[in-house]
Amino acid sequence: MGWTEANRTYLSREIDRVGALLADSVEIAVTPMPDGVAIPSLVAVERAFRLSPFERDVLIMCAGAALEQSFTTQLGGRPTFARAMAALPGAHLDAVSPSAPLRMHRLVLLASSDHVLGAPLALDERIFHFLVGAHALDERLVPLQLAAAAEVATFVPSQLELVDRLARLLRDAHAATLVQVFGGYASTRAAIVHQATITAGLTPLRLRASGLHGLDLEAIVRACERETLLAGIVPVIEVDDLDPLEATRAARVFAETTRGLAVITAVSPIGITRSCAAQLELPVTTAADRRDLWRGVLGADAERLGAMLTRLADCFRIEYADIAGAVLACDRGAADDVFGAQLWAACLERSRPRLDDLARRVVPTSGWDDLVLPANVTETLHEIGTHLLHRHEVLEKWGFGTERRGHAITALFAGPSGTGKTLAAEVIAREANLDLYHVDLSQVVDKYVGETEKRLRRIFDSAEQGGAIILFDEADALFGKRADVERATDRWANLEVSYLLQRMESYNGLAILTTNAKDALDNAFLRRLRFVATFPFPDATLRLELWRRAFPAGAPTIGIDLAKLARLQLTGANIKSVAIRAAFQAAGESSPITLKHVLRAARSEYAKLEVPFPEAETRTWTAMT
């Protein structure tokens, strides 16, 4: 006899036994368990919820009423606690208490709480299906369930240690154990918790915290508690990095309310007041760890990459799943250099941060020849690029990375608008073949306490995965002179500045601040930056070179005196704007670009800048109508 048939036979005999007790008050021995098969579901429920013999018989009474109409007829109506207490042996009044297993775990449901003893009882649908051998998840949890985390074939040693620690906690846990797992990337947290739960002989149930908001959380919590006892299921509440504050609150309520086994995962601890069995932080993978992951995925192809393997592991803080996906997306039959370029592009694509609401990705198109800057500034920019490209060699191979601080490359680009600060960052990003993200700090700074720090953390954590270059524009919005702590908001502003500096100094890449007002920045902060490059307002020599580059070789021009135009007090961005505007004016007149068009466009540019146009100086340059 198979388990399904044996299980139903066992349940049927127990229903008959309880029916006889209810009808004749004749006590019959409990049905012996069948030999050679797994324990029946009824026995599993009895053991999981520690039911007394009386509570067990009440459950069977409700099962009989749900399965057999004749059973209800024999009872003379629907089952009640009063009927059970009058006819079933071992009756005890505390079995009807809300804190007793039958009601606390909602094994049976009361039609009304007004008259507990006389109210009709019904078997909960999940318990009904379980008793008859249909093991399906509670229907309230089904729409909240996330797909199982992707299994990871290779963990680095520090991650394996965390898997073992969590598995031991879950295996040895009592019913009310709560564990927080935080740090690292969401995919890695999920994979580690999945592996640890399976290792402990349990089944993870992934629930997204954002999906809990607005629901009857008490009902969800009780359903999860019951699934843990019933089927060895562990609820894993995942707080995503991008979740709104309401999701974190929902996860916190779940953690504070549950009396069962649960795991909370988040980028940082969510501030639970109750005691946790443990708070486990994901270790940060080192470049050496990631090289081992790459070698494990690539196999014999690892040797083909040479130094490219080191650059991939150093730059991209991605885990096994993304590494395997990147390799799968590439053509292993391609030439070595082509294969390496494909892997780099695949890693960029997979590691691009989710920052659409906080940052703008700039696609670098300019090179060193597009920069028109003083020699000392250009030299500083080249030095920044050198630091970015040779980090691994200097920090790891030569041993300069033994100190905790000093790994990050931090820079300040100071100067008036339009002098090439963003263009310089773009050139460095293109040379390093890295993404560039432009962040407007004036938009990141939030009036609500703690929100600015949360947004900055998101920017750094997300960008770090792909080694992106971060350009923080309008730095003086947050990074000005240290505020005197006269108001509570001043204290928070200083904390936000400190956090920004701390994250910049620990960032695994290049972070650039730009400002139009260097004098507004605190000197103590400037000393903590590795590079400071001052982009001056271009002098006449630089302006002449900017005008030379303003008109493409294919643009039709007649009689444009660049030396005269260089006298106009304009930055590179302004000059480019004037040239384009003049070109459209000329095209609209079906004419080549002339000095007349350029001066007309320059007049408009001056007006836009709210600066008086030098009429006296330019009046003699050309006859203008």
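The mean pLDDT of the protein is 88, and 94% of its residues reach 70 or more. This is a predicted model, in which local features need pLDDT of at least 70 and side-chain atom pairs count only at pLDDT 80 or more, while totals for chains, interfaces and linings use all residues. Residues are numbered from 1 along each chain as its sequence is written, and side-chain values use heavy atoms, with hydrogens and water left out.

Start with the helices. Helices (H or I, at least four residues) and strands (E, at least two) are DSSP runs, numbered from the N terminus. Helix H1 (3-24) has 22 residues, which should span 32 Å at 1.5 Å a residue. The expected span is 1.5 Å times one less than the number of residues. The end C-alpha atoms of H1 are 31 Å apart, which agrees. Buried residues (under 20% relative accessible area, with exposed over 50% and partly exposed in between; 1.4 Å probe, protein chains only) in H1 include Tyr10, Leu11, Ile15 and Val18. Glu14 and Arg17 of H1 are buried too. The buried residues of H1 pack against H2, H3, helix H4 (69-75), helix H5 (81-87) and H7.

Move on to H2 (residues 41-48), where Ser41, Leu42, Val43 and Val45 are buried. Their cover includes H1, helix H3 (53-67), helix H7 (125-131) and helix H11 (217-231).

Now look at the backbone. Most residues other than glycine have a negative phi. Just after H2, arginine 50 takes a positive phi of about 55°. Arginine 106 also has a positive phi, near 55°. Arginine 106 sits in the loop between helix H6 (101-104) and strand S1 (108-110). It counts as partly exposed because its relative accessibility is 28%. Glutamate 610 has a positive phi near 60°. Its loop runs between helix H28 (595-609) and helix H29 (615-618). At 73% relative accessibility, glutamate 610 counts as exposed.

Next comes the sheet. It is open, with 6 strands in the order S8-S10-S11-S12-S9-S13 and mixed pairing. Two strands pair if DSSP finds at least two bridges between them. Strand S8 (360-362) and strand S13 (531-534) are the edges, each pairing on one side only. Neighbouring strands are turned by 25° against each other on average, direction ignored. S8 and strand S10 (residues 436-440) pair in the antiparallel sense over 3 bridges. Here arginine 361 stands opposite tyrosine 437 in S10.

Two helices to follow pack on this sheet. Helix H20 (residues 421-432) touches S8, strand S9 (409-414), S10, strand S11 (469-473) and strand S12 (510-515). Its direction makes about 150° with that of S9. Axes are lines fitted to C-alpha atoms, for helices over the stretch in contact, and angles run from 0 to 180 degrees between N-to-C directions. Helix H22 (residues 451-465) touches S10, S11 and S12, and its direction makes about 155° with that of S11.

Finish inside. A nonpolar core is a set of buried Ala, Val, Leu, Ile, Met, Phe, Trp, Tyr and Cys residues joined through side-chain atoms within 4.5 Å. The largest has 71 residues, and those with the most contacts inside it include Trp294, Leu343, Phe413 and Ile469. Leaving aside neighbours within four places in sequence, tryptophan 294 contacts residues including Leu309, Leu312, Ile318 and Cys347.

Conventions: Contact = heavy atoms within 4.5 Å. pLDDT = per-residue confidence, 0-100.
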